[in-house]
Amino acid sequence: MNDAEGLKKIAGEAACEFVKSGMRVGLGTGSTVKYTVLELARRIQEEGLQIVGVPTSIATENLARENGVPLVELGSLDGLDIVIDGTDEFDPNFQLIKGGGAALLREKIVAQQSAAMVVVADARKQVECLGAFGIPIEITPFACDVTVSRLETLLKCNVQLRKNGSEYILTDNGNCIADAHTGPNILDPLATEATILNIAGVVQVGLFNNMCDAVVLASKDGVKTLMNPAGRLKRA
């Protein structure tokens, strides 16, 4: 396991300390949260942890089922106790950019239904200003080029649709994914989110504002948990 993968594993497993028996847990998507799902599965099997999970993608659903994590539909619950998810960037105000794995719509739905959000990350994801990663944006296939053009005009940057060869990459919801290459200059993430969501062809945007309560951060110096002072969680 290389250093980057090792840090992902450490962070993903450490976040499980926030999970207690009886909880309803949102299961995020991505290469770091994979280790969260596997650790929860281990605790279920070896420690008798009793939880139910709600996956944010087909990939996470398959991983959880294969490893024995009980799953339920989000609509069958009156909310979730916690969601654990990854991030592509987070800033000093605990605002996030997500969507590198093209699961941002389901991730945001689950996050909005959760009483708390814990993010797992390695040190590369910590930034002073959001935007170097770009902003993933889920858009409708209908007239997607028109939507991209409108985004470029409003954001004053290059916006590209994700493709595999000549085919558009589609989300689990059958939508397209575009990436707005803004650069690290998103000084007002809330205003930027509102601007993007005002475009008719946009389904959702990968700016997750005022949602993150804690970041479990792994670096070469070890793991530390950064608590959002305005968040809903107390230290585990």
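Predicted model: local features only at pLDDT ≥ 70, side-chain atom pairs only at ≥ 80, totals over all residues.
Select Ala143 to begin: this residue lies in the loop between strand S7 (135-139) and helix H5 (144-155). Display the backbone torsions of Ala143: phi is near 50°, a positive value in a residue other than glycine.

Next, select Phe94, in the loop between strand S4 (89-90) and strand S5 (96-97). Here, too, the residue is not glycine and phi is positive, near 65°. Is Phe94 buried or exposed? Its relative accessible area is 10%, and because buried means under 20%, Phe94 is buried.

Now turn to the helices. Two packed helices are described by the angle between their axes and the distance between the axes. Select helix H2 (residues 33-47) together with helix H3 (residues 58-66): their axes come within 9 Å and cross at roughly 25°. Since angles under 35 degrees count as roughly parallel, H2 and H3 are roughly parallel to each other. The crossing of H2 and H3 is right-handed.

Finally, show the side chains where the two helices meet. Which residues of H2 meet H3? On the H2 side, select Lys34, Val37 and Leu38; on the H3 side, select Thr60, Leu63 and Ala64, which they meet. Coloured by class, this contact of H2 with H3 shows four nonpolar residues, one polar and one charged.

Note on methods: Residues numbered from 1 in each chain as written. Heavy atoms only, no water. Helix = DSSP H or I, 4+ residues; strand = E, 2+ residues; numbered from the N terminus. Buried < 20%, exposed > 50% of the residue type's maximum accessible area, 1.4 Å probe, protein only. Axes fitted to C-alpha atoms, helices over the stretch in contact; angles between N-to-C directions. Parallel < 35°, antiparallel > 145°, perpendicular 65-115°, else oblique. Left-handed = near helix turned anticlockwise from the far one by under 90°. Contact = heavy atoms within 4.5 Å. Nonpolar A, V, L, I, M, F, W, Y, C, P; charged D, E, K, R; others polar.
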